[in-house]
Every structure is written in C-alpha cells, then in structure tokens.
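Please keep the sequence and coordinates open while reading.

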Amino acid sequence: MADPVLQICDLAYQWSGRSAFSVAVADLTIAKGESVLLLGESGSGKSTLLSLICGTILPDTGTVSIAGTNISAMGGGARDRFRAEQIGVIFQQFNLLPFGSVADNILLPLRFAPKRRKRAGDAADAATNLCSALGLPAGTMDAKATALSVGQQQRVAVARALIGHPPLIIADEPTSALDADSQAAFLDLLFAQMASHDTSLLMVSHDPRLGERFDRVIRMEDVAQIERATA
Ligand code: ADP
Ligand code: MG
C-alpha cells in the first residue's frame with residue numbers, strides 16, 4: 001500500500017509552563033484521499049494535536065510522519081519548507097495577511113514551496129481559477145483581504161490551502177462561525193476541490209452533525225489521552 005498521508009506513532013507532548021496540559025496519541029493514520037472529522041470538546045487538545053501534525057510544535061516522544069517522512073526528525077527550517085510543500089492549513093481565524101490583497105494571500109504558500117509552485121502551473125491563473133471555483137468574484141483578486149466579508153475571507157483561506165494541491169489539508173474549526181446552510185456550502189466547495197486531486201482532509205470541529213459528510217469520524221477521547229493539571 002502507498003504511504004499514508006499521516007501516520008502518528010507513540011506521540012506524547014506536554015505544554016511547558018503553568019498549563020501542564022499533556023496529550024498522548026498511540027496511533028493515528030490517515031490514508032491518501034481520506035477525509036476525517038476529529039470531534040472533541042473545547043480544551044481537549046485538538047488544536048495542539050493539529051500543531052503537532054503540522055510540525056509547528058515538536059513531540060516530546062514519538063513520531064509524526066507526513067507522506068512517509070518523519071517530520072519530528074527535521075530541523076526547523078526544513079520542517080517549515082516541508083510543511084509549505086505538503087500541507088494546506090485553514091486556521092480557525094483564517095490568519096489572512098491584513099495588508100495583502102486576496103491574490104497575495106492565496107499565493108503566499110507557494111513562496112516557500114518550489115514543488116508546490118510547480119504543481120500550481122501558472123500561479124496567477126491557478127489563483128484566479130480557484131477563486132472562480134469557490135465563488136469569489138474576479139474583481140476581488142486585488143481587494144485587501146480584510147475588506148471582504150467573513151464568508152469571502154473563508155473562501156480565500158480555502159483557496160490558499162488548496163493552491164498547488166498539497167496532499168493533506170488541515171482545517172481547525174473553519175465553520176464554527178457559520179450557520180448550518182453556510183457550513184454545508186463551505187464543505188461542498190472544499191470537497192469538490194479535493195476530490196479532483198485525491199487530497200486528504202483532517203478537519204476539527206465540535207459539531208457532530210458534520211460527520212456524515214466525512215469518510216471517517218474520530219473522537220479526541222478515543223484517539224488521545226489527555227491530562228490537565230488539577231488546579
Ligand atoms: P482545543 O483546540 O481542543 O480547544 P487546545 O489544544 O487549544 O484545545 O488546548 C488544550 C490545552 O492546551 C489548553 O487548555 C491549554 O492548557 C494548553 N495550551 C494550548 N495552547 C497553549 C500554549 N500556546 N501554551 C501553553 N499551553 C497551551
Ligand atoms: Mg482549538
């Protein structure tokens with residue numbers, strides 16, 4: 001079988017400082033093309049786990065492998081480049097560059113990822129095509145990202161994650177600010193874009209109603225052991 005897109009083995013991590021929150025994941029695998037919804041209550045360590053998967057924080061023990069490469073063994077610079085190549089990230093607050101245009105924001109991940117840039121072909125055309133597929137008017141490409149509505153900013157965040165077809169998309173509660181209809185429309189757009197490239201998705205939510213759209217639903221309490229300091 002081809003390498004899974006994500007493989008976590010015997011991972012443990014503890015936040016340093018006062019919070020003393022720790023998370024351990026013995027085994028978690030996501031196959032190529034698979035969509036997985038990770039459910040868990042607020043404060044259960046979902047965002048911490050996504051940071052470990054993206055390699056923005058490193059496990060104390062154990063390994064995180066992306067497309068067969070153990071990112072835990074990489075140095076910081078190499079890990080940043082690898083993340084840019086392999087992972088499209090949709091943050092909870094979108095994290096758009098406030099002074100950048102829509103086009104600047106969408107093209108940003110390609111700047112540090114030559115292979116992904118190559119896969120995107122003509123980058124400006126790719127950004128325009130994604131915008132039209134996601135229902136962003138062509139005239140918005142030069143607008144300041146923060147001048148857009150929340151729904152439009154969310155589409156920009158999706159386009160930025162998808163450009164250049166990274167094999168794995170990580171999304172941290174991207175629909176938490178939306179009503180049910182907008183949530184469904186958001187997932188329609190995301191899944192339609194992913195299907196054409198066999199992209200894998202790990203999305204975090206606290207809304208179990210989204211589960212039927214995904215290949216697999218996992219719960220934080222089933223995949224992870226967490227411990228909090230008893231204050
Ligand atoms: P969730 O995303 O499920 O709401 P988080 O992973 O954000 O949960 O947080 C889980 C716990 O991890 C928090 O309650 C806090 O104790 C600790 N934590 C999260 N981020 C940090 C941080 N940057 N520094 C120290 N502790 C943190
Ligand atoms: Mg969170």
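## The open sheet

The model is predicted. Five strands make an open sheet, and their order is 5-4-1-2-10. The pairing is antiparallel. Strand 5 (69-70) and strand 10 (225-227) stand at the edges. Each has a single partner strand, so one side of each is left without a neighbour in the sheet.

Strand 1 spans residues 6-14, and strand 2 spans residues 22-30. Eight bridges join these two antiparallel strands. Ile 8 stands opposite Leu 28. Tyr 13 has Val 23 as its bridge partner. Strand 1 also runs antiparallel to strand 4 (residues 61-66), with five bridges between them. There, Leu 6 is the bridge partner of Ile 66.

## Around ligand 1

Which residues surround ligand 1? The shell includes Trp 15, Ser 19 and Phe 21. It also takes in Glu 41, Ser 42, Gly 43, Ser 44, Gly 45, Lys 46, Ser 47 and Thr 48. By class, the shell has two nonpolar, seven polar and two charged residues.

A side-chain N or O atom of Thr 48 is 2.6 Å from an oxygen atom of ligand 1. A polar backbone atom of Gly 45 is 3.0 Å from a ligand oxygen atom. Trp 15 places a polar side-chain atom 3.1 Å from a nitrogen atom of ligand 1. Taken alone, ligand 1 exposes 560 Å², and the protein buries 64% of that.

## The largest pocket

A probe the size of a water molecule, rolled over the atoms, shows where empty space is left. The largest pocket has a volume of about 530 Å³. Its lining counts 25 residues. Those nearest its centre are Arg 83, Ile 87, Gly 88, Val 89 and Phe 91.

Which helices and strands each supply at least two residues of this lining? The helices are helix 1 (46-54), helix 2 (76-86) and helix 6 (150-162). The strands are strand 6 (87-90) and strand 7 (168-172). The lining of the largest pocket has 12 nonpolar, seven polar and six charged residues.

## The second largest pocket

The second largest pocket has a volume of about 160 Å³. Its lining includes Leu 178, Asp 179, Ala 180, Gln 183, Ala 184 and Leu 187. Also in the lining are Asp 207, Arg 209, Leu 210, Glu 212 and Arg 213.

How do these residues divide by class? Five are nonpolar, one is polar and five are charged.

## The cavity

How many cavities of 30 Å³ or more does a search of the whole structure find? The search finds one. About 50 Å³ of space lies in the largest cavity.

Leu 162, His 165, Gln 193, Met 194, His 197 and Thr 199 line the largest cavity. Two of the lining residues are nonpolar and four are polar.

How values were computed. Residues are numbered from 1 along each chain as its sequence is written. Chains are lettered from A and ligands numbered from 1 in the order in which they are written. This is a predicted model: local features need pLDDT of at least 70, side-chain atom pairs count only at pLDDT 80 or more; totals for chains, interfaces and linings use all residues. Side-chain values use heavy atoms; hydrogens and water are left out. On a 1 Å grid over the protein atoms alone, a cavity is a set of points where a 1.4 Å probe fits but cannot get out, and a pocket is an open set with protein on both sides within 12 Å along at least five of seven lines; lining residues have an atom within 4 Å of a point. Grid points are joined across faces, edges and corners, and a volume is the space filled by probe spheres set on the points. Ala, Val, Leu, Ile, Met, Phe, Trp, Tyr, Cys and Pro count as nonpolar, Asp, Glu, Lys and Arg as charged, and the others, Gly among them, as polar. A residue is near a molecule or strand if one of its heavy atoms lies within 4 Å of it. A polar contact is a pair of N or O atoms within 3.5 Å; within protein, one must be able to donate a hydrogen and the other to accept it, and residues adjacent in sequence count only if both atoms are side-chain atoms. Accessible areas come from the Shrake-Rupley method with a 1.4 Å probe; for residues, only the protein chains shown count as cover. Helices (H or I, at least four residues) and strands (E, at least two) are DSSP runs, numbered from the N terminus. Two strands pair if DSSP finds at least two bridges between them.
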